Amino acid sequence: MNEQIVILDFGSQYTQVIARRVRECNVYSTILHFNTPAAKIAAMKPRGIILSGGPSSVYAKNAPLPDGNIFKMGLPILGICFGVQLLAQFLGGKVEKGQKREYGKGTLKIKDKSCALFDSLPSSLQVWNSHGDKLTKMPAGFKAVAVTENSEYAAIENRAKKFFGLQFHPEVVHTPRGKEIISNFVHGVCGCGKGWTMRNYVDQAVEEIRAQVGDERVILGLSGGVDSSVAAALLHKAVGDQLTCIFVNNGLLRAREAEVVQEVFGRNFKLKLQYENTSALFLRKLKSVTDPERKRKIIGKTFIEVFQAATKRAGKAKFLAQGTLYPDVIESVPIAGNPAALIKSHHNVGGLPKNMKFALVEPLKCLFKDEVRLLGVELGLPKEIVWRQPFPGPGLAVRILGEVTPSRCEILRNADAIVVEEMKSSGLYYKIWQSFAVLLPVRSVGVMGDERTYDYTIAIRAVESQDGMTADWVKLPYDLLEKLASRIINEVKGVNRCVLDITSKPPGTIEWE
Ligand code: XMP
């Protein structure tokens, strides 16, 4: 692997953000559990170590602590928040409960401009704090290089050992120049180059995939979503016709989705695409079903049956490729109160049955989502696929309340196409998390021309979110809303009313089900 920085995770909600910031500096980063043995870290030959923040107190009985030998490896270390308190605790300083919790914006005054972390930065910086405990005595060999209103040890340094500690969070956006501090650490202090780019990654991944797969065959379930699409393009580059992609049309796809996938992957990329049009089967199984959980179960089970049969038809293959991402494989440090630890059970598809014996190829498993998108661009995938909004596996079924019928699918597909089109032309589609239409099985009276109508209602849902765990509804401009409503009601047969969903998550969810 490339030059890398190891990040020890002490349960901060920002650990992955630190890892991403390092990678944005074109340096590879790996997140490890806080108590990873120093020998194991040494074997990975990192150029430096970052100790993440965390919700614990270093003096608490069950505090997460690292292997003390990491401080004897001769590597540069940057401790952030809880991380600086660890440095102090291990090296002879003192940490105490602060008089008042320091939370939110602060101003950092740099006292020693020669500290490498603040190279090329002004002497006063806006920073973000979030800590209760406080460093009250520095360990021997350390010097305070910056202060805040509330802390005389906001940044400390042991120049000889290349140990640094920051009481604030340089990784969050509320520390606007924090990325430069991280860049100064990884480049200036640790001496890393800028080798981590998606262009380099393509070459490296292609080599690794070829080494793993040899001349065996690979199957991939292509959904048209970002992850499976990028995985498909990458594998195709690596093993060409040894790859067969299976694309299942479950009848619950958005307008033109099946066409786009066939066009991009079949005609443009010329990869072996096995198109399974099983719409009728799915819709038959969903007939008369109204309970949302049952719908999901039926769709999940039918998908596995269809996929299993399709793999048999595809011929013998040793490997199954999956678009697993880095956040799915990081061994998480379970910390109470960390919302990222909440698992949404209904999104776990449950995997494939045990009797499907494949070895796995997971070429995206060290990448974050934003890197996967960059990789997609690098591989020549169109913007329409690389930057598409998330779309749930059970498709339109979770956006049609009540029974899913072919005619309701048709109505929703038409309404949704208008939402997507108008959101794209307003420039908002790629800026927000999701925007879509929902079909409510409620009919109400209207007048169209001289006629009385009795038709369905469409709800418009547009949300902003970082990861789908929490979300805010988007305040769409009135003229856009007006256009959406008027187009949907005029153009979509079967709809005579349009409403806007203004529920945030929590307490609502993004999808209606
Ligand atoms: P909810 O509705 O739980 O959705 O607030 C959060 C995010 O997850 C997406 N979602 C799904 N994705 N399979 C998926 O792959 C599913 O079954 C599923 N259900 C919801 C949803 O679109 C939103 O982005």
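Let's start with the core. In this predicted model, the largest nonpolar core has 46 residues. Six residues have the most contacts inside it: L252, V404, M423, I458, L476 and I488.

Which elements each supply at least two residues of this core? On the helix side, they are α8 (279-285), α9 (292-314), α13 (406-426) and α14 (478-491). On the strand side, they are β11 (243-249), β15 (434-448), β16 (451-464) and β18 (495-500). The largest share is from α13, with 7 residues.

Now, where does this core lie? Domain 2 (198-386) gives residues to it, and domain 3 (405-500) does too, so the core lies between them.

Take M423 as a close-up. Set aside its neighbours within four places in sequence. M423 then contacts L428, Y429, I432, S435, L476 and L480.

On to the cysteines. How many disulfides does a search of the whole structure find? It finds 0. Look at C25. The nearest cysteine sulfur belongs to C192, and it is 9.5 Å away. C25 counts as buried, at 5% relative accessibility.

Now C192. Its nearest cysteine sulfur is that of C190, 5.4 Å away. C192 is in no disulfide either. At 6% relative accessibility, C192 also counts as buried.

Terms used
Residues are numbered from 1 along each chain as its sequence is written. This is a predicted model: local features need pLDDT of at least 70, side-chain atom pairs count only at pLDDT 80 or more; totals for chains, interfaces and linings use all residues. Side-chain values use heavy atoms; hydrogens and water are left out. A nonpolar core is a set of buried Ala, Val, Leu, Ile, Met, Phe, Trp, Tyr and Cys residues joined through side-chain atoms within 4.5 Å. Buried means under 20% relative accessible area, exposed over 50%, partly exposed in between (1.4 Å probe, protein chains only). Helices (H or I, at least four residues) and strands (E, at least two) are DSSP runs, numbered from the N terminus. Domain bounds come from an automatic or database domain assignment. Contact means heavy atoms within 4.5 Å. A disulfide is a pair of cysteine sulfur atoms within 2.5 Å.
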